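I opened my notebook to get to know this chain step by step. Here is what I looked up, entry by entry.

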Amino acid sequence: MRPVRRNRSRTSGGAEKVTQWLLDASRKLMFLSGLAVLVLAGYLVYGFVGGGLGQWESLTHEARVRIIGNIQGAISYLNISLAVLLLTSSILYWAEEGLGYALVLLAAGFYYGVPLGVELGAPGLVTNWLTGRNTAALAVYNEARIAGLVLAIPGIILVIIDLVNRVRYGSSRKKTQRSAMQFGAEVEEEEPIRPPLIGALAKCYQLPFCREFVRSHCPVFHLQKRCWRVRVGCMCEEQVIRTAMVGMAHEAARARSMVPDDNEPVDMAKRYNLDDPLGAAKPESPFKPLVATPPPKVVGAEVKIPQNNAFSPAQKRERCRNCIIYNEHQRLKYQLVSPLVVLAVPALAVSQFSAMKSAMEVALRSADTVMSRLSLEQTARGIDIGQLASSNEIANIVLLGSLILMVLTWALHFTEHCIFQWKI
Ligand code: SF4
């Protein structure tokens, strides 16, 4: 067996080294690709500011051909660098919750924001490029929208990973949450009795924190209640613990009465009457007489939930919020509700997809109107973001999908907040 173990540790050490090497390589690549993106984007902007893109009409045919070649080359390298940057940063920071959302927002910003910014900053510029056949400037302009779509893809993937993690780990038991509990943080888990089909509907004695020694004397159990409903439980209410302790003491006393006391030497002369070796008289029993008082009744109509008037209902509610049992109930509730939310939001979105698409177009056209009113030009002119939105069906679907994912995330955040913070 030893050589196998040695091999395993060697294998795991080798895998760690490979992983570390990959991470280091990703970090370097991310840095280099980030630098390349900045330089190439700067080069494209320079094409407008100091290059020939702004004076397209005055350029010779040869100069135009050369500039178009340069711009296309720069755009190709920019897309490659951007893809490497996104891939490496996604590998390195995939667990960062905010990265996916940031990429989706950035994607929407590039896709809609750049054309909007150009129209606001230099109205009619794009139309001039179209009429003047300034293909180089138009290629750069379109690159902003392509970059938006490139950003949206890893953004959507990371948002989906975050959603899956939320559902998976949101309903798992976290040790940190447990240690924060005021009641029952140290309690060991036990195999629950009769676990229910739906965990969220479990009664407190069907949860793993119900201890057998307390349960057998617990009025909440004998009346088949949930401790958080009656605001009396084994973790918080002294009377329940005391009843359990008394019951245990009686059981221990009864058990002791059935076995010889090891500390007390048995008088063999008394036990086996040496004056009566044939056993005419009965030997003294080695067992002690049963002296324990009967155990408290816990079954039947006499079982009562103890009422503690020292605490107000609000204080009792607060005890539940800080109890391991109630929080386990909440965790199971989240386990049930979160997949329903994950299914309900996309189902609703799919059923209302065309309505949502039209609403988006109406919103963008309203933005057109507002922008044209705010325009500082002599004649108010529509910027036509609405036309921009409806011009590319696939891009609209991708961005609408991102929007749905973000709404889904907020819905899950809200569900988490209701269940784990407000403890509804
Ligand atoms: S109050 Fe505690 S001991 Fe009693 S049934 Fe509920 S979990 Fe079990």
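This is a predicted model: local features need pLDDT of at least 70, side-chain atom pairs count only at pLDDT 80 or more; totals for chains, interfaces and linings use all residues.

**Ile324 and its surroundings**

I began with Ile324, which counts as buried because it has 22 C-beta neighbours inside 10 Å. For this label, a residue is buried if 20 or more other C-beta atoms lie within 10 Å of its own, exposed if 12 or fewer, and partly exposed in between, with C-beta atoms placed from the backbone. Residues are numbered from 1 along each chain as its sequence is written.

I then asked which residues Ile324 touches, not counting those up to four places away in sequence. They are Arg178, Met181, Phe183, Gly184, Ala185, Val187, Phe209 and Met235. Contact here means that two C-beta atoms, placed from the backbone, lie within 7 Å. Gly184 is 140 residues from Ile324 along the chain, yet their C-alpha atoms are separated by 5.3 Å.

**Helix α13**

Ile324 is found in helix α13. Helices are DSSP runs of H or I with at least four residues, strands are runs of E with at least two, and both are numbered from the N terminus. Among the buried residues of α13 I noted Ile325, Tyr326, Leu332 and Ser338.

Tyr205 sits in the loop between α6 (175-179) and α7. With 24 C-beta neighbours inside 10 Å, Tyr205 is buried. Setting aside neighbours within four places in sequence, Tyr205 is in contact with Ile193, Cys210, Arg215 and Phe221. Tyr205 and Pro192 are 13 residues apart in sequence, with 7.1 Å between their C-alpha atoms.

**A pair of helices**

Next I looked at α2 (residues 61-93) and α5 (residues 135-170), which pack at an angle of about 10 degrees with their axes 11 Å apart. The two are therefore roughly parallel to each other. Among the residues making the contact are Ile67, Ile71 and Leu78 of α2 and Ala136, Ala139 and Val140 of α5.

**Two positive phi values**

Arg133, in the loop between α4 (125-131) and α5, has a phi near 55 degrees, a positive value in a residue other than glycine. I found Arg133 exposed, with 12 other C-beta atoms within 10 Å. Lys423 also has a positive phi of about 55 degrees although it is not a glycine. Lys423 lies in the segment after α16 (393-421) and is partly exposed, with 17 other C-beta atoms within 10 Å.

**The whole chain**

Of its 424 residues, 24% count as buried.

Methods: Axes are lines fitted to C-alpha atoms, for helices over the stretch in contact, and angles run from 0 to 180 degrees between N-to-C directions. Angles under 35 degrees count as roughly parallel, over 145 as roughly antiparallel, 65 to 115 as roughly perpendicular and the rest as oblique.
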